Amino acid sequence: MTSVTAQTRTTPSETRHDPLTITLHWITAFLVLFQFLSAQVWEFLEKGTAGRLGLIYTHFAFGILLTIVVLVRVVWRIANRNHLPAATSGIKHLAAQAVHLCLYGLLLAQVALGLAFGWSSGKPIPFFNLFSVPPLLTIDPSYRHQIAGLHNDFAWIIIAFVAIHAFAALAHHYILRDKVLMRMMPAR
Ligand code: HEM
Ligand code: HEM
């Protein structure tokens with residue numbers, strides 16, 4: 001006899017990711033979009049204004065949060081034995097795997113560049129007024145310009161991958177009308 005649980009497991013597109021995977025996914029998405037948009041907005045604000053400084057300090061604090069979330073997410077992705085099987089097969093599955101792998105790699109690289117960028121001034125990175133993360137590596141300030149350039153380039157590359165990824169998720173939902181997007185939505 002097939003139990004309900006076993007049936008659910010054999011129809012992966014009908015089920016949901018586990019709550020931790022879903023929570024980490026949407027916190028990552030919010031933080032990545034905030035990080036990108038904050039940097040675009042502060043560019044237009046005059047240097048030294050409260051608005052610009054507020055956005056930069058929030059970028060630092062959310063950057064520290066994002067670093068933790070990305071590390072927890074990668075460890076959970078590797079350690080979670082009950083991760084849902086792929087919802088698609090063939091070329092669609094390969095394309096999704098490739099984009100997801102690139103997103104993980106780009107996020108890891110971007111948090112490393114962000115930390116290096118912050119530490120290249122020789123000062124700790126503040127988390128609002130609560131604590132700050134002291135430089136764990138000594139970065140030669142002469143690399144600051146290069147690190148800034150890479151951090152900026154990676155920001156745009158990440159946004160391009162996120163756009164493809166989000167478009168694919170929405171296409172699954174609205175065109176293919178399958179359950180891929182709903183697997184990543186919290187249970188109601
Ligand atoms: C903004 C930043 C985002 C990042 C960095 C991101 C990253 C990722 C990654 C790395 C995975 C793979 C999870 C795994 O290991 O299996 C994933 C899965 C997924 N993402 Fe995103 N995502 C973002 C935004 C979005 C948005 C806006 C949507 C919807 C419109 C979305 C929908 C999904 C869905 C449905 C899955 C699950 C696919 C499956 O079950 O195979 N993501 N995301
Ligand atoms: C996906 C996540 C992130 C995106 C999209 C992003 C994007 C950006 C962009 C576009 C800039 C402006 C670059 C420039 O001035 O040339 C910037 C600046 C900066 N970012 Fe990020 N960032 C992210 C994550 C992080 C993280 C994790 C940290 C580390 C805590 C961080 C630390 C910084 C620092 C220190 C600056 C320089 C701010 C200043 O002008 O004083 N970023 N970021």
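This is a predicted model: local features need pLDDT of at least 70, side-chain atom pairs count only at pLDDT 80 or more; totals for chains, interfaces and linings use all residues.

Visitor: What box do the C-alpha atoms of the protein chain fill?

Guide: Taken along the principal axes, the box is roughly 65 × 30 × 30 Å. The chain has 188 residues, of which 13% count as buried. Another overall view comes from the contacts with a separation of 6 or more: residues 24 or more positions apart account for 70% of them.

Visitor: How should I read a pair of helices? At what angle do the axes of helix H4 and helix H5 cross?

Guide: For a pair of helices, one reads the approach of the axes, then the angle, then the residues that meet. The axes of H4 (residues 90–119) and H5 (residues 144–174) come within 9 Å and cross at roughly 155°. H4 is therefore roughly antiparallel to H5, since angles over 145 degrees are counted in that way. The crossing of H4 past H5 is left-handed.

Visitor: Which residues in H4 meet which residues in H5?

Guide: On the side of H4, they include Val-99, Cys-102, Leu-103, Leu-106 and Phe-117. On the side of H5, Ile-147, His-151, Phe-154, Phe-161 and His-165 are among them. By class, this contact of H4 with H5 consists of 16 nonpolar, 4 polar and no charged residues.

Visitor: And how do the axes of H3 and H4 cross?

Guide: The axes of H3 and H4 come within 10 Å, with a crossing angle of roughly 145°. This crossing, too, is left-handed. Phe-60, Gly-63, Leu-66, Thr-67, Val-70 and Val-74 in H3 meet residues in H4 that include Tyr-104, Leu-107, Val-111 and Gly-118. The contact of H3 with H4 has 9 nonpolar, 4 polar and no charged residues.

Visitor: Let us turn to the ligands. Which residues come nearest to ligand 1?

Guide: For a ligand, one reads the surrounding residues, the elements that supply them and their classes. Ligand 1 has 20 residues around it, and Ala-29, His-100, Ala-166, Ala-169 and Met-184 come nearest. Helix H2 (19–42), H4 and H5 each give two or more residues to this shell. By class, the shell around ligand 1 holds 14 nonpolar, 4 polar and 2 charged residues.

Visitor: How many residues surround ligand 2, and which element gives the largest share of its shell?

Guide: Ligand 2 is surrounded by 23 residues, the closest being Gln-35, Ala-39, Gly-63, Gly-114 and Gly-118. Two or more residues come from each of H2, helix H3 (50–79), H4 and H5. H3 supplies the largest share, 7 residues. The shell around ligand 2 has 14 nonpolar, 9 polar and no charged residues.

Visitor: How does one read a single residue? Is Asp-140 buried or exposed?

Guide: One asks where the residue lies and how many neighbours it has. Asp-140 lies in the loop between strand S2 (131–133) and H5. Asp-140 is exposed, because 7 other C-beta atoms lie within 10 Å and 12 or fewer is the cut-off for that class.

Visitor: Where is the place of Thr-28, and which residues does Thr-28 touch?

Guide: Thr-28 is in helix H2. With 18 other C-beta atoms within 10 Å, Thr-28 is partly exposed. Not counting residues up to four places away in sequence, Thr-28 touches Val-69, Val-70 and Arg-73.

Visitor: Lastly, I have read of backbone angles. What is the phi of Phe-128, and where is Phe-128 found?

Guide: Phe-128 has a positive phi of about 45° although it is not a glycine. Phe-128 is found in the loop between strand S1 (125–127) and S2, and is exposed, with 11 other C-beta atoms within 10 Å. Arg-177, likewise not a glycine, has a positive phi of about 50°. Arg-177 lies in the segment after H5 and counts as exposed, with 7 C-beta neighbours inside 10 Å.

Terms used
Residues are numbered from 1 along each chain as its sequence is written. Chains are lettered from A and ligands numbered from 1 in the order in which they are written. Axes are lines fitted to C-alpha atoms, for helices over the stretch in contact, and angles run from 0 to 180 degrees between N-to-C directions. Helices (H or I, at least four residues) and strands (E, at least two) are DSSP runs, numbered from the N terminus. Angles under 35 degrees count as roughly parallel, over 145 as roughly antiparallel, 65 to 115 as roughly perpendicular and the rest as oblique. A crossing is left-handed if the near helix is turned anticlockwise from the far one by less than a right angle, and right-handed if clockwise. Two residues are in contact if their C-beta atoms, placed from the backbone, lie within 7 Å. Ala, Val, Leu, Ile, Met, Phe, Trp, Tyr, Cys and Pro count as nonpolar, Asp, Glu, Lys and Arg as charged, and the others, Gly among them, as polar. A residue is buried if 20 or more other C-beta atoms lie within 10 Å of its own, exposed if 12 or fewer, and partly exposed in between; C-beta atoms are placed from the backbone. A residue is near a molecule or strand if its C-beta atom, placed from the backbone, lies within 6 Å of it.
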